[in-house]
Amino acid sequence: MNNNLPKTMKAAVMHSIREISIETLPVPQIDYNEVLIKVRAVGICGSDLHYYTHGRIGKYKVEKPFILGHECSGEVVAVGSSVERFKVGDRVAVEPGVTCGHCEACKEGRYNLCPDVQFLATPPVDGAFVQYIKMRQDFVFSIPDSLSYEDAALIEPFSVGIHAATRTKLQPGSTIAIMGMGPVGLMAVAAAKAFGASTIIATDLEPLRLEAAKQMGATHVINIREQDPLNEIKNITDNIGVDIAWETAGNPKALQSSLASLRRGGKLAIVGLPPQSDIALDIPFIADNEVDIYGIFRYANTYPKGIKFLASGAIDTKHLVTDKYALADTREAMERALNFKNECLKVIVYPNE
């Protein structure tokens, strides 16, 4: 450990639904294969908001004082005895899910399906709304000086889109509809652009998010308050339908529309998680058109590619971060992200500023 480091740090701790307080905790002690990271930027994610307002997501339940936040980046301030990939001062992005490395899923390269994953801000594992976190070195990635800490934090939601593109085998020239322009949906637009989709159709309710989708690379946007998305998609695709559809909103109607937007032989990726488990889908349509359906659970092997994509400058993210908060104001940041979706896109917390 670096003897010049502080012994304690500040952390934003959730004690009950919509209640967060700033507390003093010990700085983590690293093991031989870990690095200690001074957290510079943390993005607020939809899962953070869900835990904040409901206290659980499926089987994962907040049962003790809990720290949210998993989209993060920072600076290495200490390295374990066997760490050779990093040195103090390195700027890094953090992949938040540490897996076992030994199970069948890990050995197959689908480590996102590891049953023993320790994922930041998924109970009981605390997250990144802290001044310092420790992380196993193989889930830490160097970033170039040209990449901001904010963009490095965006690698996490960007990875979801990269994983969806890989799973659905998105090819250059493809047509794609992406339904739901929250932060994950907007980064999914960026991923579709990075993979070479020629027609990218984005749908949402909010004009601010649709305008952001244009900036991220959408070729067409549809406000579903004003237009019928299926009619518009048919018009755009000469009544054929899209090659690929990604549902990123976690909305049952959007999922049904995503399915209906596909051409014969099209592919559907379910990215968003709806609140209910049972949703009616058109089974004859799926069978008659040989639709392929892909579940998307986080991501695997995406961070190096995501860093290269964003560092290239080909994707304009500067307008995406609309709100910035200090760690002391984490509760206000959460409320802002929760209640003002028509005014803000991505909310970032800066634990060390």
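**Close-up views of a predicted model**

**Figure 1. Packing of helix α4 on helix α5.** Helix α4 (residues 183-194) packs with helix α5 (residues 207-216) at an angle of about 25°, their axes lying 9 Å apart. Axes are lines fitted to C-alpha atoms, for helices over the stretch in contact, and angles run from 0 to 180 degrees between N-to-C directions. Helices (H or I, at least four residues) and strands (E, at least two) are DSSP runs, numbered from the N terminus. The two helices α4 and α5 are therefore roughly parallel to each other, a term for angles under 35 degrees. Their crossing is right-handed, that is, the near helix is turned clockwise from the far one by less than a right angle. On the α4 side P183, L186, M187, V189, A190 and K193 meet R209, A212, A213 and M216 of α5, contact being heavy atoms within 4.5 Å. By class, this contact of α4 with α5 comprises 8 nonpolar, no polar and 2 charged residues (Ala, Val, Leu, Ile, Met, Phe, Trp, Tyr, Cys and Pro count as nonpolar, Asp, Glu, Lys and Arg as charged, and the others, Gly among them, as polar). The model is predicted: local features need pLDDT of at least 70 and side-chain atom pairs count only at pLDDT 80 or more, while totals for chains, interfaces and linings use all residues. Residues are numbered from 1 along each chain as its sequence is written, and side-chain values use heavy atoms, with hydrogens and water left out.

**Figure 2. Crossing of helix α3 and helix α9.** The axes of α3 (residues 149-167) and α9 (residues 303-311) come within 9 Å and cross at roughly 115°. This crossing of α3 and α9 is right-handed. From α3, D151, L154, I155, E156, F158, S159 and I162 meet Y303, K305, G306, I307, F309 and L310 of α9. The residues of this contact divide into 8 nonpolar, 2 polar and 3 charged.

**Figure 3. Surroundings of helix α1.** In helix α1 (residues 46-54) the buried residues are D48, L49, Y51, Y52 and T53; buried means under 20% relative accessible area, exposed over 50%, and partly exposed in between (1.4 Å probe, protein chains only). These buried residues pack against β1 (8-16), β2 (19-26), β3 (34-43), β4 (56-57), β5 (60-61) and α10 (330-339). G55, with a positive phi near 80°, follows α1.

**Figure 4. Nonpolar cores and the contacts of F129.** The largest nonpolar core has 55 residues, and I44, L68 and F129 have the most contacts inside it. Such a core is a set of buried Ala, Val, Leu, Ile, Met, Phe, Trp, Tyr and Cys residues joined through side-chain atoms within 4.5 Å. Beyond its neighbours within four places in sequence, F129 is in contact with residues including A11, V42, I44, L68, L327 and M334. A second, separate core of 52 residues includes Y149, W246, V271 and Y303.

**Figure 5. The loop between β9 and β10.** D126 is found in the loop between β9 (118-119) and β10 (132-136) and is partly exposed, with a relative accessible area of 30%. Apart from neighbours within four places in sequence, D126 is in contact with K64, P65, F66, I67, L120 and A121. A121, also in this loop, is not a glycine, yet has a positive phi of about 65°; A121 is buried, at 1% relative accessible area. P123 and P124 are joined by a cis peptide bond with omega about 10°.

Definitions and conventions:
Parallel < 35°, antiparallel > 145°, perpendicular 65-115°, else oblique.
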